[in-house]
Amino acid sequence: MSALLEVSELRVSFGALVAVDDVSFTVPTGAIMGLIGPNGAGKTTTIDALCGFLPAAVGSIRLGGVALDGLRAHQRARAGLGRTFQTVELFDDLSVRENLLVAAIRPRWWSPFVDAVAPRRGTRGVNVDDAMGLMGLDAVADARPTELSHGQRQLVGVARALATRPRLVLLDEPAAGLDPAETAVLGRLLASLPAAGVSVLLVDHDMNLMLGVCDQLTVLDFGRVIASGPTAAVRTDPAVIAAYLGGGA
Amino acid sequence: MSDYLQQSLTGLGSGAVIAVLAIGIVLTFRASNVINLAHGAMGMYTAYVYFGLRNFDLAGADRGGDLVLPIIGLPTSVHVVDRPTVVTALVIALGVAAILGFVVYGLVFRPLRSAPPLARIVASLGVFLYLQSVMQLRVTAAGGGAAALQLTSLLPDGVVHLGDSAIPTASFVLAALAVAVAVGLGLVFRLTRFGLATRAAAEHEKGAVLTGLSPDRLGYLNWVIASVLAGAAVIAIAGMSSKLDPIDTSLLVVPALAAALLGGLNGFAATTVAGLAIGMSQSGLSTFQARAHWLPDFLPKGGLRESLPVILILIAITIRGSHLPTRESIVETRLPASPTPRHVFAWAGVLTAAAAVGLLTLDAQWRLAIVVSTIATLIALSSVVLTGYVGQISLAQYAFAGLAAFITARLAVNGMAFPWAPILGVTAAVGVGVLVGIPAVRVRGMALAIATLGAAVAIEALVFSAPTFNGISGVPRPRIFGIDLGFLSTGADNFRAAFGLFALLVLAVSMVAVANLRRSPSGLRWLAVRSNERAAAAVGIDVSSTKLLAFAVSSLLAGLGGSLLAYELPALSPQQFLVIGALAILALTYLGGIATLSGALLAGVMASGGIVTRLQGGATGDASSYQFAISGLVLIVVAILSPDGISLAARRGFARWRRA
């Protein structure tokens, strides 16, 4: 498999604290890579840095061979890097359908002129109903995010990230707060993504989900990579067991 | 060179006043996380109390000792004591300042402690508008403006000779006092539990609770100290400069905000240094502009002086800002709800038809009222787009309108034909609007409100006061395809319906276009940026250009309103576009519902001189001051109780009533 995301020597420090320390790993095209590690290991910071939310980050990030360094967050998103947030962060003023629409539509410079005259033209031909169907969100399409359960909000967050048609989607604890049925829906969806051309970088604490869907694992501890590779190899790595999985895993 | 030295050192005095006001702003910010735009207005009121007490002519009784009351409905003043001494008057005035600080915090900002920034900004605008308009009324009622008050200085009036320059002793005394205040407060904050707790509260409210002091008590104490300091500072500057005015004095808050921001809204030392430096350089700049004959003549007198603090504000907040908020700084920023507009064409048709029938059948005064409301609606609509839809609090919309009005009028008077003069005027407004929007890409919330307030003051100082714009009249009648669209005429024919219909057409097209934008992907992006900039960037929305588009659209709307004003008003003067008008427009729009089209309509209908005024039987100068004062009060109440505005509150009430 060719490399889709290549991260090398990524480093983020907040003052004297080094949150991410020379992190390097590769996500192959079509892979579901799990990023695991104890709390405070730098998982979310890594995602923030990859997506351009931390201007202070140094290191090199390439997506499909193209360097993302120096690009702003929205430019990286347009380059094919989608993401969700641990705190979900939906657009509370928009309905669920609009949350997906606004992510799916790419404006051109003349779009505002068209929009002022023909408001519906911009959404013509943009289909987000399938995505909502896939996530079981049809019933709440016109609801506001604030009216949904936490699990539903998580799913809307994932659906919105996918609506941008990313090549790689970075999911930050998408299963947190989901009930077992919702987790199962999410797991099936994640497993189906590579076939649809979307690779995944997944952060979560639900080890059943992680071991079930991830074919690759990267383990972070205190901001450093302690192991990275196929799931089967990483889960038996003694360093990983000592740092994170514990004796019983 | 020694002239500059002399001027700059003289400026130490006003610098000290700016520094003390800035320290007050820092205190209230740290205690209750609000940047108090009414800080100068609060000091202004206290100064009127002091000079009212000292002044033997205020009530005409030649005994002094009258205390000016700031409450509508109560008498202008009550007599407290006969011929008070300086000390008595000062003690009473500062006591009143303490009560004012206590009341303003207790009634307004304590209930808003965890409200979104817009509500807090609007509430402080409400306090500003209220105090400023009430004092305008009271001072007029008391028999003339500041001229009637003898503004005697408390400070020694000698001079100190340094080389061959003579510098007023008062400047040094004031500077020393400002430093003493900063050092004193610095010690209190470093050494006492109160100070520690306030610093903890600024970081985190729970932090203060853990130190065992209630955040409430800290809030009250800080507000009282800030109000007393503001009062003392304004009394000092009014006495020294023999100038006290409800509007200009209240706007001392602008340089004070600059100093507070330069000090990072935190340290007293840095704030004081910044305040002194602003005062000195303002004073130096006045001399510079008076001397430097190579400066173009179109720069108004004092333009550099007034705009310096603003430029400092813009630089300070732009440098400190960032493109996206950080993970830690995300706070609850709920803005008034913005439902998708429905039945746009039906509404636009019905309302336009109703107004058109009014224009064609009613008398001249009614035609004027309808046109005033039409134009005010356009300007209010610009706030709906920028503040309501995108959450960018701008206090500069009225200045954009004024810019378009002056440029349109000047070009038309100089002979440019009808559609071209307003087109250029509106284009200029859009250009400046986008320029002002550039810092907005990096700042948000309170800081942006301050930046745009600063921009409005700068436009006022640098452009509106320019000789070429001073008092333009005789703007040629607009005429297109042989139709006379002129507004003014004589006798019963005055305020012609043709112009009114044209203005209505402009408004109807603008309303439909804004409704379309709101319903289209552009509008979805606006609301997405409004609710969460980080998430917006994560789905590929260019937050910067989304904000700039909103600035462009909103200054276009304000510019259209301004260009219409150029033809509507018999004469244009800078006084018609003061910052206070901008505050009133934003206030009315917030009342109506800042994020809805009907909010803009309500604001237009309620605007001074508009339809509501006509229904009340016309307005005089006092009535409009009352209107400002009352809108100030209502604004505070709405900010606390119903942040979505009247139109949505009514819609919900109606929905409940239908269900019942």
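pLDDT is the predictor's confidence in each residue, from 0 to 100. Chain B has a mean pLDDT of 81, with 89% of its residues at 70 or more. This is a predicted model, in which local features need pLDDT of at least 70, side-chain atom pairs count only at pLDDT 80 or more, and totals for chains, interfaces and linings use all residues. Residues are numbered from 1 along each chain as its sequence is written, chains are lettered from A and ligands numbered from 1 in the order in which they are written, and side-chain values use heavy atoms, with hydrogens and water left out.

**Confidence**

- Chain A averages a pLDDT of 88, and 98% of its residues score at least 70.
- Within chain A, strand β7 scores highest at 95, while helix α10 (residues 238–245) is lowest at a mean of 79. Helices (H or I, at least four residues) and strands (E, at least two) are DSSP runs, numbered from the N terminus.
- Within chain B, helix α21 (residues 543–568) is highest at 93, and helix α7 (residues 205–210) is lowest at a mean of 57.
- Where pLDDT is low, the predicted coordinates should not be read in detail.

**Interface of chain A and chain B**

- The contact draws 35 residues from chain A and 30 residues from chain B.
- The two chains bury about 2,800 Å² between them, 58% of it on carbon and sulfur atoms. Buried area is the accessible area (1.4 Å probe) that two parts lose on being put together, summed over both.
- Two salt bridges are counted between the chains. A salt bridge is a side-chain nitrogen of Lys or Arg within 4 Å of a carboxyl oxygen of Asp or Glu.
- B:Arg530 and A:Asp93 form a salt bridge through their side chains (3.0 Å, N to O).
- On the chain A side, α1 (43–50), α2, β6 (81–83), α3 (96–104) and α4 (111–117) each supply at least two residues.
- α4(A) gives the largest share of that side, five residues.
- By class, the chain A side has 16 nonpolar, seven polar and 12 charged residues. Ala, Val, Leu, Ile, Met, Phe, Trp, Tyr, Cys and Pro count as nonpolar, Asp, Glu, Lys and Arg as charged, and the others, Gly among them, as polar.

**Domains of chain A**

- Chain A splits into domain 1 (1–80 + 166–177 + 194–249) and domain 2 (90–165). The bounds come from an automatic or database domain assignment.
- Their contact takes 11 residues from domain 1 and 10 residues from domain 2.
- The domain centres, taken over C-alpha atoms, are 27 Å apart.
- The domains bury about 750 Å² between them, 61% of it on carbon and sulfur atoms.
- In domain 1, A:Arg78, A:Pro166 and A:Pro174 lose the most area to domain 2, together 54% of what that side buries.
- Zero salt bridges are counted between the domains. Three residue pairs are in polar contact there, both residues at pLDDT 80 or more.
- α2 (73–78) and β7 (168–172) of chain A each give two or more residues to the domain 1 side.

**Salt bridges overall**

- The count over all chains is 10 salt bridges.
- A:Asp21 and A:Arg224 pair through their side chains in a salt bridge (3.0 Å, N to O). A:Asp21 lies in strand β2 (residues 17–28) and A:Arg224 in strand β10 (residues 224–230) of chain A, so the pair ties together parts 203 residues apart in sequence.

Notes:
Contact = heavy atoms within 4.5 Å. Polar contact = N/O pair within 3.5 Å; in protein donor to acceptor, adjacent residues only side chain to side chain.
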